[in-house]
Amino acid sequence: MVRRRTSIHGEWSSRWAFILAATGSAVGLGNIWKFPYITGENGGGAFVLVYLLCIAVIGIPIMMAEVMIGRRGRQSPVNTMYNLGIESGSSSHWKWLGWLGVVAGFLILSYYSVIAGWALDYVFKTATGTFSGANAEFVSSTFGGFISDPARLMFWHTLFMLMTMFVVAKGVSGGLEKAVRFLMPSLFVLLIIMVGYAFTTGEFMRGLAFLFEPNFDNLLYKHEAGGEFILNTHGEKIFTLEYVLIAMGHAFFTLSLGMGAIMIYGSYLPHNTSIAKTSFMIAGADTVVALLAGMAIFPIVFANQLDPGKGPGLIFETLPLAFGSMPFGTLFGTLFFVLLVFAAWSSSISLIEPAVAWLVENKNMKRLKAAIIMGASCWLVGILTVLSFNLWKNVHPVDFWVFKNKTFFDVLDYLTANIMLPLGGLAIAIFSVWIMSRSSTSDELDMKEESLAYNIWYFMTRYVTPLAVLFVFANLVELI
Ligand code: PFF
């Protein structure tokens, strides 16, 4: 058995502190902004079903593996993978998996901050009564006007990045723990109020049906975002697993998996904590938030004859309609966007924590300096996303393969969520069950080697996850 390490960055004050921070990382724009719009674009029910399946059979086992590896290594993902690679008698090259995560986190934060900036702007728009009594046309044109103004987007992107740098510089425990403890439950309550409003729109059942009634044609055949099937020259529908990939990629994204964020939070986890139980709780909370967001949004979409496949603007073009007409809408709306900003904030911190921890460990840098360097570079890359929605909305930087016709934002999103995170997850799965020994994983997971729970985890991580990811990737590169 290996000597247990401690982390130089400190430890969570308790099991709850970890659960809250990891839930803070998981619950974010992915649940409330991204889940509804990609569900809308990809045809609803069947997509949601695959997403839920991926959470259960891939997400939870990988989350356990990441936390376990983090706690075993107790350092930034790059150094943890380096050390554990050597310790398991494999190779120090496993550090590249850590690097893949650092780059993915960096790229995600570059656009995440821009979208969080939208939410910041909407705090003020809603608070000043912009949406009182507004109709769908007004709400749509307000959003259109907003994203076509690069200076405004830059302003909020800058502010949000500064907020992120500020917390990261101070270290991830402390303030974050307290904030999440209070903000997460508030967000939850507000979402339930929104679902309550959606109930009154007259299209609640249609919204539910869209979310939960699977139509596999919408999932397995190419179609326009949210609409018509695309046909080949013989007039037949074209089979694809791309939407399955998007559902799987989103399972990784929403649980913050595949890039070391949960690994590094695991590295601050005290020893006496059950990794399995906490992983279930985090994944459960995350899923409930996403489903509530969907249940709040789609009835509003249908009640106002909006297009569910609208894309990234979906929540900004639907929820204000609710705030404009419900009692105390200005108050609830403002609160909602404030909480959304906080949810994004607690996620963005975990996106650069692996990079910052590496700079602190390897370059002997102060947290403040490391946070400034990483934040500033990420901010610069974020400008590409800002411009994707206006001046460069017709610029397609990598115009081939899955990146065809995609803007900078679309490319960054697709590359990170649908390729880098599943690839990172695949490597984490392989490392934890093909490279690490059963005795060290069962020891760190605190499960008996012969117990059923351990063997289920082992089986899922050894076979199900790698095969699922490889199968979907194989379709993407047209091998199958
Ligand atoms: N899970 C976050 C969300 O759903 O908004 C986004 C995210 C955070 C992805 C941290 C990846 C990550 F490492």
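**Fold and salt bridges of the predicted model**

In this predicted model, residues 24 or more positions apart account for 79% of the contacts (heavy atoms within 4.5 Å) in the protein with a separation of 6 or more. Local features need pLDDT of at least 70 and side-chain atom pairs count only at pLDDT 80 or more, while totals for chains, interfaces and linings use all residues. Residues are numbered from 1 along each chain as its sequence is written, and side-chain values use heavy atoms, with hydrogens and water left out.

The secondary structure comprises 19 helices and 0 strands, where helices (H or I, at least four residues) and strands (E, at least two) are DSSP runs numbered from the N terminus. Of the 480 residues, 61% are buried, meaning under 20% relative accessible area with a 1.4 Å probe and protein chains only; exposed is over 50%, and partly exposed lies in between.

Turning to charged pairs, the structure holds 12 salt bridges, each a side-chain nitrogen of Lys or Arg within 4 Å of a carboxyl oxygen of Asp or Glu. One of them joins Lys34 and Asp413 at 2.9 Å, N to O. This pair links helix H2 (residues 29–41) with helix H17 (residues 408–435), its members lying 379 residues apart. Lys34 is buried at 3% relative accessible area, and Asp413 is buried at 11%.

Glu444 and Arg72 also meet in a salt bridge, at 2.6 Å, N to O. Glu444 lies in helix H18 (residues 438–445) and Arg72 in helix H3 (residues 45–73), so the pair ties together parts 372 residues apart in sequence. Both Glu444 and Arg72 are buried.
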